[in-house]
Amino acid sequence: MSGEAVVMLIIAIVLVWGGLATSIVALTRHPELPDHPEAPPPPQH
Amino acid sequence: MEQQREQWGTRLGFILAAAGSAIGLGNIWRFPYVAYDNGGGAFLIPYLVALLTAGIPLLILEYTLGHRFRGSPPLTFRRLARPAEAIGWWQVAICFVIAVYYAVIVAWAVMYTGFSFTLAWGDDPDTFLFQEFLQVADEPGMISSYVAGVAWPLVGVWLVVLAILVFGIRGGIERANKILIPLLVLIFGVLVVRAITLDGAGVGLDALFTPDWSAITDGAVWVAAYGQIFFSLSVGFGIMITYASYLRRRADLTGTALVVGFANSSFELLAGIGVFATIGFMASASGIAVDEVATSGIGLAFVAFPTIISSLPATPELFGVLFFASLSVAGMTSLISIVQVVVATVQDRLGTRRLPAVLIVGGGAAIASIVLFPTGEGLYILDAADHFINQYGIALAALVIVITVAWLLRRLPMLQSHANETSAVRIGRWWLIALGVITPLVLGWMMWDSLQTELAANYEGYATSFLLVAGWGVALAALVFGLVMSRLPWRGTEMEPVPVSREATEEGRR
């Protein structure tokens with residue numbers, strides 16, 4: 001492979017797979033919150 | 001009372017299902033050639049720009065619509081604004097048409113996985129495909145012969161898809177994708193490793209990645225980049241709206257859209273490496289230039305690849321099984337999502353349970369598929385229907401959606417605040433500009449461009465009478481179906497637009 005092609009291959013991998021890795025990390029840092037209750041809980045006696 | 005809507009079991013389950021839908025045949029057989037043909041390494045720039053300014057913004061839009069209005073496309077658009085309901089029905093008709101022919105290609109891939117064990121295509125894969133396996137008629141026209149060798153695997157594909165759908169979102173679709181997507185990555189990964197270790201692989205990768213910087217200033221290259229992102233991500237025909245309608249209320253919409261968008265592109269890039277490394281082997285082994293071997297679509301998968309597989313020095317059977325099994329799995333997970341749009345619509349519209357909905361819809365689509373396509377003329381009908389429903393179904397519907405939501409109804413700011421309410425990555429003005437300005441302009445330009453090509457010469461040189469039925473006729477029928485269905489009254493009051501939650505009600509008042 002030519003040097004130019006190798007550089008573009010590496011840049012493509014870093015940007016696209018790096019983008020995937022970064023977005024996965026960003027998502028896992030924010031665990032899913034539990035759902036809001038649909039209605040207020042019944043009053044406690 | 002409205003039935004409790006199904007939900008995804010886990011966030012990972014939704015991401016795998018959405019990625020499974022986005023990753024399809026186009027990632028494997030379309031992206032590598034489009035990239036190669038449009039500037040090679042330099043294509044990366046328009047491609048990434050298109051991903052960030054159209055692909056991911058559209059994904060976020062569809063997720064937010066489905067999540068906010070919690071319905072299949074007709075119900076979602078009806079709840080957005082009554083007259084917009086027609087768009088949803090149009091999308092459902094598009095999904096029906098695509099499901100009917102997409103299943104056929106999955107059936108071919110399944111058969112070729114089997115053929116790989118014995119390299120059944122012999123010395124002339126072209127003749128094998130068109131004459132022995134598909135028994136294609138000499139010219140396009142109405143159906144005149146039936147091909148049992150395609151019909152039986154097609155029945156099998158439909159049975160598997162319907163069986164998965166019967167088990168519902170969590171028990172069927174989510175569970176299937178949790179198995180199939182890791183499996184796809186594994187088998188395709190093994191294939192790529194084998195491909196890059198072949199003699200001459202570097203020649204192919206050179207052809208794919210050497211940048212032609214002049215391409216950056218060529219408008220056609222940018223149109224190709226937006227087209228690839230657009231058709232590859234499964235946006236525009238309601239799948240992501242439907243899948244997102246089963247998300248939990250507090251789901252992170254923008255974060256998952258980023259993961260799914262980049263996952264789709266990551267697989268595409270992997271496919272580019274695998275396909276061009278293989279093509280490089282072929283070119284250097286036979287002493288011909290890469291541009292004479294490089295191709296896309298059915299020709300790449302079912303003619304060029306079998307030719308290359310037969311000439312491999314060691315274990316060609318294994319390579320064939322890995323390649324066609326990848327195609328089968330990638331196609332199957334996309335097909336499931338396409339049929340689910342129609343199933344969800346029947347459930348919403350008629351208030352039926354899942355089983356009858358699957359049987360009505362799936363059965364109808366399966367019968368149409370099994371009657372029309374395992375025939376001598378099936379390939380021509382498939383080719384014409386695919387081209388016209390993509391251009392004047394999916395792309396046109398997406399254009400109508402962005403114009404309707406952004407400009408006619410002016411609901412982007414409301415959707416933006418809905419997405420930001422539950423998402424860690426907040427969307428700002430760039431999202432409004434991407435959907436309000438960039439996407440309509442690019443899609444509008446693509447539409448104008450393809451219409452001009454269409455009017456200059458008949459697609460693939462097919463007869464006008466044939467195109468009026470199998471091409472224009474199919475695309476127009478989907479649109480008319482949408483308009484007609486949206487005029488029919490919904491039965492009962494349970495399907496009337498209802499506020500989805502307290503927060504939504506408050507939001508509506510703002």
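Predicted model: local features only at pLDDT ≥ 70, side-chain atom pairs only at ≥ 80, totals over all residues.
Biologist: What confidence does chain B carry, by pLDDT?

Modeller: Chain B averages a pLDDT of 93, and 95% of the residues score at least 70. The model scores ipTM 0.90 and pTM 0.93.

Biologist: Which elements of chain B have the lowest and the highest mean pLDDT?

Modeller: Helix α23(B), residues 502–509, has the lowest, at 43. Helix α12(B), residues 239–244, has the highest, at 98. Over residues 497–510 of chain B the pLDDT is below 50. Beyond near neighbours in sequence, that stretch has 11 contacts in the model.

Biologist: Why are α1(B) and α9(B) called roughly perpendicular?

Modeller: Take the crossing angle. The axes of α1(B), residues 11–22, and α9(B), residues 168–196, cross at roughly 70°. The range for roughly perpendicular is 65 to 115 degrees. The two helices are therefore roughly perpendicular to each other. Their axes come within 8 Å.

Biologist: Which residues make that contact?

Modeller: From α1(B) come G13(B), L16(B), A17(B), A19(B) and G20(B). They meet I173(B), E174(B), N177(B), K178(B), L180(B) and I181(B) in α9(B). By class, the residues of this contact divide into 6 nonpolar, 3 polar and 2 charged.

Biologist: How do you know that the length of α8(B) agrees with its 19 residues?

Modeller: The rule is 1.5 Å times one less than the number of residues. For the 19 residues of α8(B), 148–166, that should give 27 Å. The end C-alpha atoms are 27 Å apart, so the span agrees.

Biologist: And what span does α17(B) have?

Modeller: Its 19 residues should also span 27 Å. The end C-alpha atoms of α17(B) are 26 Å apart, which agrees.

Biologist: Which residues of α8(B) are buried, and what covers them?

Modeller: V150(B), P153(B), L154(B), V157(B), W158(B), V161(B), L162(B), I164(B) and L165(B) are buried. The cover includes α6, α9, α16 and α17 of chain B. After α8(B) comes G168(B), with a positive phi near 85°.

Biologist: What do the buried residues of α17(B) pack against?

Modeller: They pack against α6, α8 and α16 of chain B. The buried residues are A357(B), V358(B), V361(B), G362(B), A365(B), A366(B), S369(B) and I370(B).

Biologist: What makes the phi of Q135(B) worth a remark?

Modeller: Most residues other than glycine have a negative phi. Q135(B) is not a glycine, yet its phi is positive, about 50°. Q135(B) sits in the loop between α7 and α8 of chain B.

Biologist: Why is Q135(B) called partly exposed?

Modeller: Count its neighbours. Q135(B) has 18 other C-beta atoms within 10 Å. Buried needs 20 or more, and exposed needs 12 or fewer. The count falls in between, so Q135(B) is partly exposed.

Biologist: Is E460(B) buried or exposed, and how do you know?

Modeller: E460(B) has 12 other C-beta atoms within 10 Å. The cut-off for exposed is 12 or fewer, so E460(B) is exposed. E460(B) lies in the loop between α20 and α21 of chain B. Its phi is positive too, near 55°, in a residue other than glycine.

Biologist: How many residues does each chain bring to the contact between chains A and B?

Modeller: Chain B brings 26 residues and chain A brings 24. On the side of chain B, α4, α10 and α13 each supply at least two residues. α13(B) gives the most, with 9 residues. By class, the side of chain B has 13 nonpolar, 7 polar and 6 charged residues.

Technical notes:
Residues numbered from 1 in each chain as written. Chains lettered and ligands numbered in written order. Axes fitted to C-alpha atoms, helices over the stretch in contact; angles between N-to-C directions. Helix = DSSP H or I, 4+ residues; strand = E, 2+ residues; numbered from the N terminus. Parallel < 35°, antiparallel > 145°, perpendicular 65-115°, else oblique. Contact = placed C-beta atoms within 7 Å. Nonpolar A, V, L, I, M, F, W, Y, C, P; charged D, E, K, R; others polar. pLDDT = per-residue confidence, 0-100.
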